[in-house]
Amino acid sequence: MLESIHKQYQDIRELLQSRDQAHRFDGIHQDQLTQLIEFLTLFKLAISELEGECYPTIHMVLLWFCKLKKHCEPKFGDVPYMRSLRSRPSALLDEKMRPTATHKIATFLHPKYKALKMLMEEEREEVLKQVRELLLAEGGTRVSGEKKSKTDFTEWEDDDTGPVDEVQDYSSTNFNLGSVDENLLSFWKAQGQTFPRLQHLAKRILSIPATSAASERSFSAAGRVIEARRSRLNPDTVHAVLFLHSAKKKK
């Protein structure tokens, strides 16, 4: 809407003047519209990427949060209204978008950002600690396929640092990244032999969408069928309708 007004600014002004309604444009200046649009463009891009349907998005929440927070910082030469404009979205980001531990772990699971440079050292250590705890909770101290002894002698077992080593090895490995942004799931599909526990965790974490927008769009588009037969639909039928709608969009 703002972009449309900006493009037709002079036409709108002249139209209002011809109708003796020029007062309705009071306080709306073209240069301010330009600055406002430029400021909001990055938010528009963030929303577009985080609402994506055909690729993992949860790992981008932390990245976009940090980028948008930096975007909202006061800039040298800002006029007063721009300083005020930047402060409000910054507060809203803290309120509505502050990344959780899951978001940070998801970012760690992207090989381009596994160093977590956007975090403080203490925060990075906490993320690695949480990853290790998840690996231990999911896989115990046994590698995939290893059978547990019939009798419990765990109190005398040597410490198994497999999950810890797996996290450390992943952190220190230099990958040939290529187009990993477009093929993050393919990247982890190929890591089963090298990082089996991390691969399992990546499948679970990266399958979480950053927002519910994609599912809401699909549900809305298929809503006519669902609404018409809602009293007779079981969950499997709803799932099938949504799956078919999703498959149709991809063609």
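**Exercise 1. Disulfides**

Task: How many disulfides does this predicted model hold?

Solution. Start with the test: a disulfide needs a pair of cysteine sulfur atoms within 2.5 Å. Apply the test to the model. The count is 0 disulfides.

**Exercise 2. Helix α4**

Task: What span does α4 reach, and what span is expected? Which of its residues are buried?

Solution. Helix α4 covers residues 60–71, which is 12 residues. At 1.5 Å a residue, 16 Å is expected. From first C-alpha to last, α4 reaches 16 Å, close to that value. Now list the buried positions. They are Met60, Val61, Leu62, Trp64, Phe65, Leu68 and His71. An α-helix has 3.6 residues a turn, so residues three or four places apart point the same way. Among the buried residues of α4 are Trp64, Leu68 and His71.

**Exercise 3. The whole chain**

Task: Which secondary structure elements make up the chain, and how much of the chain is buried?

Solution. Count the elements: 13 helices and 0 strands. Next, burial: 30% of the 251 residues count as buried. Then the surface: the chain exposes about 17,200 Å², and carbon and sulfur atoms supply 53% of that area. Last, contacts. Take those between residues at least 6 apart in sequence; 65% of them join residues at least 24 apart.

Note on methods
Residues are numbered from 1 along each chain as its sequence is written. This is a predicted model: local features need pLDDT of at least 70, side-chain atom pairs count only at pLDDT 80 or more; totals for chains, interfaces and linings use all residues. Side-chain values use heavy atoms; hydrogens and water are left out. Helices (H or I, at least four residues) and strands (E, at least two) are DSSP runs, numbered from the N terminus. Buried means under 20% relative accessible area, exposed over 50%, partly exposed in between (1.4 Å probe, protein chains only). Contact means heavy atoms within 4.5 Å. Accessible areas come from the Shrake-Rupley method with a 1.4 Å probe; for residues, only the protein chains shown count as cover. The expected span of a helix is 1.5 Å times one less than its number of residues.
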